[in-house]
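Subject: Structure handover

Hello,

Here is the structure for you to work with. My notes on it follow below.

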Amino acid sequence: MAGPRAKELHHVPLSVLLMLAGMWLFICMAALQYPEDLGNDPHLVEMGAGIIVFLTGLVRLSRPRGKETDLLVTVVGVGLILSGFFGDWGAEVIRWNQVASGCVLALLGLLGLMLAERSRDSGKPGEPREPGEQDGSTARTGSARRTARHTS
């Protein structure tokens with residue numbers, strides 16, 4: 001699969017994982033059966049994080065991404081970890097869900113940063129690697145086409 005966006009396809013699974021993590025943060029209250037006497041405060045924290053993470057995954061799919069999205073996911077993950085440890089939610093299931101979800105998000109953010117560095121080291125998509133080579137295709141440069149026309 002050659003083309004300018006072929007190198008960026010390895011970011012699609014990461015974006016889908018981010019969107020799934022965002023959806024988990026929306027449904028975790030019902031799935032883990034949080035105690036009803038606590039109110040919605042812990043779930044509001046998770047819903048806010050879920051909105052940010054889901055939209056970040058969606059943005060990563062729809063436009064060229066930068067390291068800002070990965071840093072945002074990492075910060076949200078660390079925030080959830082801190083919320084799990086320092087939030088006085090009163091139920092262990094909430095604490096461990098926030099810590100586990102935060103760890104997953106922080107790792108996904110760091111993985112995205114590592115992938116971005118690897119992509120940057122291997123060259124930007126669309127830039128010719130050798131004179132006349134364009135992303136592995138057999139297309140000729142403008143000067144090669146002019147030379148071929150003049151010699152024919």
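Leu 14 touches Arg 60, Leu 108, Leu 111, Gly 112 and Leu 115, leaving aside residues up to four places away in sequence. Contact here means heavy atoms within 4.5 Å. Leu 14 and Arg 60 are 46 residues apart in sequence, yet 8.9 Å apart in space, C-alpha to C-alpha. Leu 14 sits in helix H1. Helices (H or I, at least four residues) are DSSP runs, numbered from the N terminus. Leu 14 counts as buried because its relative accessibility is 3%. Buried means under 20% relative accessible area, with exposed over 50% and partly exposed in between (1.4 Å probe, protein chains only).

Two notes on the source. This is a predicted model, where local features need pLDDT of at least 70, side-chain atom pairs count only at pLDDT 80 or more, and totals for chains, interfaces and linings use all residues. Residues are numbered from 1 along each chain as its sequence is written, and side-chain values use heavy atoms, with hydrogens and water left out.

Next, the core. The largest nonpolar core has 12 residues, including Leu 14, Leu 18, Ala 49, Val 76 and Leu 108. Such a core is a set of buried Ala, Val, Leu, Ile, Met, Phe, Trp, Tyr and Cys residues joined through side-chain atoms within 4.5 Å. H1, H2, H3 (67-86) and H4 (92-121) each give it two or more residues. H1 gives the most, with 4. Leu 108 touches Leu 14, Leu 17 and Leu 18, again not counting residues up to four places away in sequence.

How do H1 and H2 pack? H1 (residues 12-31) and H2 (residues 41-62) pack at an angle of about 160 degrees, with axes 8 Å apart. Axes are lines fitted to C-alpha atoms, for helices over the stretch in contact, and angles run from 0 to 180 degrees between N-to-C directions. The two helices are therefore roughly antiparallel, a term for angles over 145 degrees. The contact includes Leu 14, Leu 18 and Phe 26 of H1, and Ala 49, Val 53 and Arg 60 of H2. By class, this contact has 17 nonpolar, 5 polar and 2 charged residues. Ala, Val, Leu, Ile, Met, Phe, Trp, Tyr, Cys and Pro count as nonpolar, Asp, Glu, Lys and Arg as charged, and the others, Gly among them, as polar.

Last, Ser 83, in H3. Ser 83 counts as buried, because its relative accessibility is 14%. Ser 83 touches Val 45, Trp 89 and Gln 98, not counting residues up to four places away in sequence.

Best wishes

Notes
Angles under 35 degrees count as roughly parallel, over 145 as roughly antiparallel, 65 to 115 as roughly perpendicular and the rest as oblique.
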